[in-house]
Amino acid sequence: MRTDPAISRLLMLRSGAIAIQLLAVIAVYFLFEYAIPLFELLLVISLEAVFQILSVFAYRNVSKAKEIGMLMQLTADVLFLSVLLSLSGGATNAFVSLLLLPIMIAAVSVSAKGLAYIAVLAISAYSLLLYKMPQHSMHHMDMTSHFVGMWVNFVISASVIALVIGTMNRALHSRERTIASVREKQLRNEQLVTLDGAAAQITHQLASPIANLQLLFEELHEEQPTNPLVNEMHKPLMQCATQLDSFRELSAQLRTQCNISAIALPDLAQQIQDSMLLQYPEQQLIWQNNTPVVNVKADAMLLPAILNLLQNSATANRQNKQTQLSLNWQISDAEANLLIRDYGVGFSSEQLTQLGGQIMASNSGMGLAVLLSNVTLERLNGSLTLYNHPEGGAVAKVQLAVLKDEK
């Protein structure tokens, strides 16, 4: 499993920083012979190295780290650096501006609140170093005002970094999300174009055999009008012809934009009831509440989109030997939700990830049906949400846009 890239980069930077800190302390003490607390500095660097090893071990198999983990790592960096600076001159240390680094990393790695926390922490650490700084004199001139000026410069720099880089990073992430959404829609449109071609080809190939079967049935019926086997052929042939006509309509709707109109929910509910009674007479629709008397956005594809979901629910019921489907309306000022619950085995985690986003391989065609339903609902300013019911089965939540002017 790949490690989270943000944490991975931070750990790599810290490894380099520890090595540079160790070399710098040794060089200053032995080569330049400055009087620094060598033992204390080496002890802090050793503790930082131990923390680094534990962090590498903890995040070695984490593909996506939580923000709190990133904040803990940056907090540790600020604290370790502050302790090292306090042991080597405090606010007078020329490397005190290194406290800006955690702010820069936070600006591109955490949220605005996390960035504000790291910025305040770094400024507080610098302020504490300045407060504990002894009075320095150089050539009989008080240097306190100079160090205070450096602190003011640090505060301004930290604020600018947090605001500018943080804002640019959020804008960049927003742009990436927009590009990803556009790419997803483009991919889905390409899938629909491919489906349109396949639908037209299949419709053309099936039309002739079904027409020939219809002619054969009519001849057999004339010759053997009382034969029960011949009479039983009538209903399946009519269903095939009806489904073929629906397939032609689906192909046409995919090629052209549907005219958006309005439909009253009671009328939609009645159409749903009639269609399911014709196609799945063994499945009983249980309406949990009365249908609201409101109008919603609709086009020619709305009813087939809802029927696709009901057919999937009916299939799930059949596989689990259930015969009831529960339907429930939820209404608000801006939207009307239809909750369709089956009593099957529910969705797997893989199905919940794939359904609605791409055409999923399925023996029952569930991924294709849900994809088409999702596209139709989005075109009508609605949405489709799939989830498992806590008491068993699956729920398809169909959100429809209410037309207020049409009430």
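**Ground rules.** I number residues from 1 along each chain as its sequence is written, and I use heavy atoms for side-chain values, with hydrogens and water left out. Because the model is predicted, local features need pLDDT of at least 70 and side-chain atom pairs count only at pLDDT 80 or more, while totals for chains, interfaces and linings use all residues.

I looked up the second largest pocket, whose volume is about 1,000 Å³. A pocket here is an open set of points on a 1 Å grid over the protein atoms alone, where a 1.4 Å probe fits, with protein on both sides within 12 Å along at least five of seven lines, and lining residues have an atom within 4 Å of a point. Of the 32 residues that line this pocket, Gln-21, Leu-81, Leu-85, Phe-95 and Leu-98 are the closest to its centre. I then asked which helix gives the most to the lining, and found that H1 does, with nine residues. H1 (5-31), H2 (38-58), H3 (67-86) and H4 (100-107) each supply at least two residues; helices are DSSP runs of H or I with at least four residues, and strands are runs of E with at least two. By type, I noted 24 nonpolar, five polar and three charged residues in the lining.

**Entry 2, the sheet.** I followed five strands that form an open sheet of mixed pairing, in the order E4-E6-E7-E9-E8, where two strands pair if DSSP finds at least two bridges between them. Strands E4 (284-287) and E8 (383-388) stand at the edges, and each has a single partner strand, so one side of each is left without a neighbour in the sheet. E8 and E9 (394-401) run antiparallel and are joined by six bridges, and I found Ser-383 opposite Gln-399 in E9. Helix H9 (265-279) packs on the sheet and touches E4, E6, E7 and E9, contact meaning heavy atoms within 4.5 Å.

Leaving aside neighbours within four places in sequence, Ile-306 is in contact with Leu-268, Ile-272, Leu-338 and Ile-340. I also noted that Ile-306 and Ala-396 are 90 residues apart in sequence and 9.6 Å apart in space, C-alpha to C-alpha.

Methods
Points joined across faces, edges and corners; volume = space filled by probe spheres on them. Nonpolar A, V, L, I, M, F, W, Y, C, P; charged D, E, K, R; others polar. Axes fitted to C-alpha atoms, helices over the stretch in contact; angles between N-to-C directions.
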